[in-house]
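Thank you all for making time this morning. I would like to take you through one structure, with an eye on its charged side chains.

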Amino acid sequence: MTFYYEGKHSVKFGDFDSWEDWHLIPSSRPVIAPPAERTSFVTVPGRHGKVDLSWALSGGPIYDNRTGSLEFYVDSNKWHGWHTAYQTIMQNLQGKRIKVILSDDPSWYYDGMCWVDKWTSDERYSTISIKYDFYPFKKRVVFNESDWLWDPFDFENGVIGPSVSGEEAL
């Protein structure tokens with residue numbers, strides 16, 4: 001099967017771009033799942049309703065890691081056999097802590113682990129599922145003091161210069 005794809009909605013896994021380096025085409029727009037709020041409800045005698053102990057101890061919500069998967073079609077015209085693509089992608093993801101940046105949200109990154117979950121093939125095309133387990137908050141990409149280009153700069157969401165240390169968002 002021949003795909004026509006321009007690289008929109010790619011995902012940067014560490015130093016590797018899902019389209020430019022691995023020729024992966026998202027099956028849908030890549031979105032990282034929101035973190036689940038951790039709760040611990042208990043019933044207290046003589047009190048209406050339940051008490052959430054996670055809020056009682058921290059004064060606010062506590063979140064678990066973001067978990068999910070990203071699905072891609074593999075442009076087999078760019079690889080010399082499916083096994084080469086499979087081995088290359090696995091070698092660069094498995095067992096490594098990486099930063100992941102979505103091209104649709106380039107000012108933020110997710111920090112955690114990614115791994116190849118499954119690979120399916122038929123006579124027309126192959127698909128790959130990459131699972132992830134990220135820290136609950138995305139972090140702002142911090143730019144260095146060197147020159148920056150105007151062309152790729154996002155005037156709505158971009159940041160010039162270093163941001164506040166530890167800036168995070170859900």
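This is a predicted model: local features need pLDDT of at least 70, side-chain atom pairs count only at pLDDT 80 or more; totals for chains, interfaces and linings use all residues.

I will begin with the chain as a whole and then turn to the salt bridges and one lysine.

Side chains of opposite charge can pair when their charged atoms come close. A search of the whole structure finds four salt bridges, and I will discuss some of them. Asp 104 pairs with Arg 29, with the closest N and O atoms 3.8 Å apart; Asp 104 lies in the loop between E9 and E10, and Arg 29 in the loop between E3 and E4, so this pair ties together parts that are 75 residues apart in sequence. Arg 29 is exposed at 54% relative accessibility, whereas Asp 104 is partly exposed at 39%.

Then there is Arg 97, which forms a salt bridge with Asp 111 at 3.4 Å between the closest N and O atoms. Arg 97 sits in strand E9 and Asp 111 in strand E10, so the pair joins parts 14 residues apart in sequence. Asp 111 counts as buried because its relative accessible area, 17%, is under the 20% cut-off, while Arg 97 is exposed at 56%.

Which residue of strand E9 has its C-alpha atom 4.7 Å from that of Asp 111? That is Lys 99, in strand E9, twelve residues from Asp 111 along the chain. Lys 99 is partly exposed, at 45%, and its contacts beyond its sequence neighbours include Lys 12, Phe 13 and Tyr 110.

Definitions and conventions. Residues are numbered from 1 along each chain as its sequence is written. Side-chain values use heavy atoms; hydrogens and water are left out. Helices (H or I, at least four residues) and strands (E, at least two) are DSSP runs, numbered from the N terminus. Buried means under 20% relative accessible area, exposed over 50%, partly exposed in between (1.4 Å probe, protein chains only). Contact means heavy atoms within 4.5 Å. A salt bridge is a side-chain nitrogen of Lys or Arg within 4 Å of a carboxyl oxygen of Asp or Glu. Lists of a residue's contacts leave out its neighbours within four places in sequence.
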